[in-house]
Amino acid sequence: MALFGNAHTIDPGQAASDFARLLGSGEGVQAAYQLVRDVIMFTDRRLILVDKQGITGKKVEYHSIPYRSITHFAVETAGTFDLDAELKVWVSGQSLPFQKTFTKGVDIYEVQAILTQHVAR
């Protein structure tokens, strides 16, 4: 989904505050990442992808992916020449994955552990 830019960690409490209208009653944000204008949030119930569109970013698409809908996922670690790590998430009913790129500063293993905690139930 991302064409350029890299994700970095943002405070889950701040993400919960900024996107409170998206969260259900009692739903908590466990981890959040900023990708240029987009945001990725892992809650205790689902994965939320906030996709700002257009030049101004006023048009926003919100993807809500219940963890039970994730069929599989992959992480690719950063390398010597490729400094970015990637996350790919396949959702039932879709052939192409959602794909996000993270800076080397983000612990991609932490992202993988969060998904494993919810998807492998």
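Residues are numbered from 1 along each chain as its sequence is written, and side-chain values use heavy atoms, with hydrogens and water left out. Because the model is predicted, local features need pLDDT of at least 70 and side-chain atom pairs count only at pLDDT 80 or more, whereas totals for chains, interfaces and linings use all residues. The chain averages a pLDDT (the predictor's confidence in each residue, from 0 to 100) of 86, and 91% of the residues score at least 70. Helices (H or I, at least four residues) and strands (E, at least two) are DSSP runs, numbered from the N terminus. Confidence in the chain is lowest in strand β1 (residues 7–10), with a mean of 82, and highest in helix α1 (residues 12–18), at 95. Where pLDDT is low, the predicted coordinates should not be read in detail.

β3 and β4 pair in the antiparallel sense over four bridges and form a hairpin with two residues between them. Within this pairing, L49 in β4 is the bridge partner of I40. β4 also pairs with strand β5 (residues 59–66), again in the antiparallel sense, over eight bridges. Here L49 stands opposite H63 in β5, and the bridge partner of L47 in β5 is I65. The hairpin of β4 and β5 has five residues between the strands, and G54 in the turn has a positive phi of about 80°. β4 is mostly covered, with six of its eight residues buried, where buried means under 20% relative accessible area, exposed over 50% and partly exposed in between (1.4 Å probe, protein chains only).

A further hairpin is formed by β7 and β8, with six residues between them; G93 in its turn has a positive phi of about 90°. The two strands run antiparallel and are joined by five bridges, with K88 standing opposite Q99 in β8. β8 is mostly covered as well, since four of its five residues are buried.

The largest nonpolar core has 20 residues, of which Y33, F42, L47, F102 and V111 touch the most other members. A nonpolar core is here a set of buried Ala, Val, Leu, Ile, Met, Phe, Trp, Tyr and Cys residues joined through side-chain atoms within 4.5 Å. At least two residues of this core are supplied by each of β2 (29–35), β3 (38–43), β4 (46–53), β7 (85–91), β8 (98–102) and α2 (108–119). Apart from this core lies another, of nine residues, among them L23, A32, V39 and M41. In soluble globular proteins, nonpolar side chains tend to be buried together. Leaving aside neighbours within four places in sequence, L47 is in contact (heavy atoms within 4.5 Å) with I40, M41, F42, H63, S64, I65, Y67, I70 and V89.

Rings of Phe, Tyr and Trp (its six-membered ring) were paired if their centres lie within 6.5 Å; planes under 30 degrees apart count as stacked, over 60 as edge-to-face and the rest as tilted. By this rule there are two aromatic pairs. Y33 and F42 form an edge-to-face pair, at 6.2 Å centre to centre and 85° between the planes; both residues are buried. Y33 and F102 form an edge-to-face pair at 5.3 Å centre to centre, with 85° between the planes. This pair links distant parts of the chain, as Y33 is in strand β2 and F102 in strand β8, 69 residues apart. Y33 counts as buried because its relative accessibility is 1%, and F102 because its relative accessibility is 0%. Together, Y33, F42 and F102 form one aromatic cluster.

Two polar side chains were also examined. Q34 is in strand β2 and counts as buried because its relative accessibility is 18%. A polar atom of the Q34 side chain lies 3.4 Å from the backbone oxygen of D38. D18, in helix α1, counts as exposed because its relative accessibility is 52%. The side chain of D18 makes a polar contact with the side chain of Q14 (2.7 Å). A polar contact is a pair of N or O atoms within 3.5 Å; within protein, one must be able to donate a hydrogen and the other to accept it, and residues adjacent in sequence count only if both atoms are side-chain atoms. The C-alpha atoms of D18 and I48, which are 30 residues apart along the chain, are separated by 13 Å.

Terms used: Two strands pair if DSSP finds at least two bridges between them.
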